[in-house]
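Q: Could we go through the aromatic residues and the core of this one together? I'd like to start with what counts as a ring pair.

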Amino acid sequence: MRRSARTTRLRFDGWIAGIGTASGARLILGYWPRSSLGPFSDVMLERADGHRLLLAPTRRTADFIAGTYSFDEVWIEPVRVRVTGDDWTVTAGPLLDLRFTAGRRGPVGLLLRAVPGALAARPFWTAATGPLARLLLGVRTRGTAGGDRYEWYGARDLHLIMAATAILEGRDLGALTAVEPPVRFGFGSTPRTPCLVRVTTTVSTPRTPEPLASPATRQPRAQEGGF
């Protein structure tokens with residue numbers, strides 16, 4: 001964690017997966033083995049009707065994420081990720097069962113892998129590569145977020161997602177499709193093509209206590225069975 005006189009920089013190092021489904025629901029997995037908040041995973045989901053849901057494992061992580069992005073509901077769930085080769089399994093209590101397979105590393109992934117990790121994670125580098133990211137992937141690498149925060153996304157690798165299944169509350173969300181329309185959580189975005197991105201995210205936040213996720217309904221759900 002890096003500090004200045006007025007702000008604190010928090011770093012999140014891991015993977016982001018963006019998945020679209022035939023039902024119209026779009027899912028964004030954040031898998032963070034190393035972060036300023038400790039290791040954790042979260043899922044952002046936007047239904048076809050635009051309802052935005054956050055699943056996060058603890059109140060602290062839920063409050064931080066919901067203070068950075070916008071949601072209609074926030075649920076505290078034990079989000080767990082298991083990786084076996086190219087196959088990923090994600091569960092969030094009894095609510096979500098997500099499985100996907102990462103495929104080959106394309107030209108963009110090869111380009112990102114060629115950049116040293118220490119350089120790719122630096123905010124000044126994400127500013128320099130922003131125009132290329134908009135051109136190749138249709139995403140932004142830096143910008144303002146909620147709570148007077150500022151974010152930088154340093155992508156370091158990219159794999160296409162070849163297959164995925166998602167079951168939410170016992171309902172199959174349908175076949176893998178493009179992440180379309182774009183998700184509306186705030187500054188954060190994901191490429192239209194379903195993919196898994198290795199990324200280091202830096203968040204600059206005012207040196208004040210972390211805000212609560214006040215706009216959303218928040219309840220612990222680890223012991224409950226559904227909405």
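A: Rings of Phe, Tyr and Trp, the last by its six-membered ring, are taken as a pair if their centres lie within 6.5 Å. This is a predicted model, and in it ring pairs link Phe12, Trp32, Phe40 and Phe64 into a cluster.

Q: And how many aromatic pairs does the count come to by this rule?
A: The count comes to eight aromatic pairs. One of them joins tyrosine 31 and tryptophan 88, with ring centres 5.4 Å apart and planes at 85°, and because planes over 60 degrees apart count as edge-to-face, this pair is edge-to-face.

Q: Where do tyrosine 31 and tryptophan 88 lie?
A: Tyrosine 31 belongs to strand 3 and tryptophan 88 to strand 8 (residues 87-92), so the pair ties together parts that are 57 residues apart in sequence.

Q: Tryptophan 88, buried or exposed?
A: Tryptophan 88 counts as buried at 6% relative accessibility, whereas tyrosine 31, at 23%, counts as partly exposed.

Q: OK, what about phenylalanine 71 and phenylalanine 185, what sort of pair do they form?
A: Theirs is a tilted pair, 5.4 Å centre to centre with 35° between the planes. Phenylalanine 71 sits in the loop between helix 1 and strand 6, and phenylalanine 185 in the loop between strand 13 (176-177) and strand 14, 114 residues apart.

Q: Switching to the core, which residues touch the most other members of the largest nonpolar one?
A: Of its 28 residues, these are Phe12, Met44, Leu54, Ile65, Tyr69, Phe71 and Phe185.

Q: What does isoleucine 65 touch?
A: Leaving out residues up to four places away in sequence, isoleucine 65 touches Phe40, Asp42, Met44, Leu54 and Phe71.

Technical notes. Residues are numbered from 1 along each chain as its sequence is written. This is a predicted model: local features need pLDDT of at least 70, side-chain atom pairs count only at pLDDT 80 or more; totals for chains, interfaces and linings use all residues. Side-chain values use heavy atoms; hydrogens and water are left out. A nonpolar core is a set of buried Ala, Val, Leu, Ile, Met, Phe, Trp, Tyr and Cys residues joined through side-chain atoms within 4.5 Å. Buried means under 20% relative accessible area, exposed over 50%, partly exposed in between (1.4 Å probe, protein chains only). Contact means heavy atoms within 4.5 Å. Rings of Phe, Tyr and Trp (its six-membered ring) pair if their centres lie within 6.5 Å; planes under 30 degrees apart count as stacked, over 60 as edge-to-face and the rest as tilted. Helices (H or I, at least four residues) and strands (E, at least two) are DSSP runs, numbered from the N terminus.
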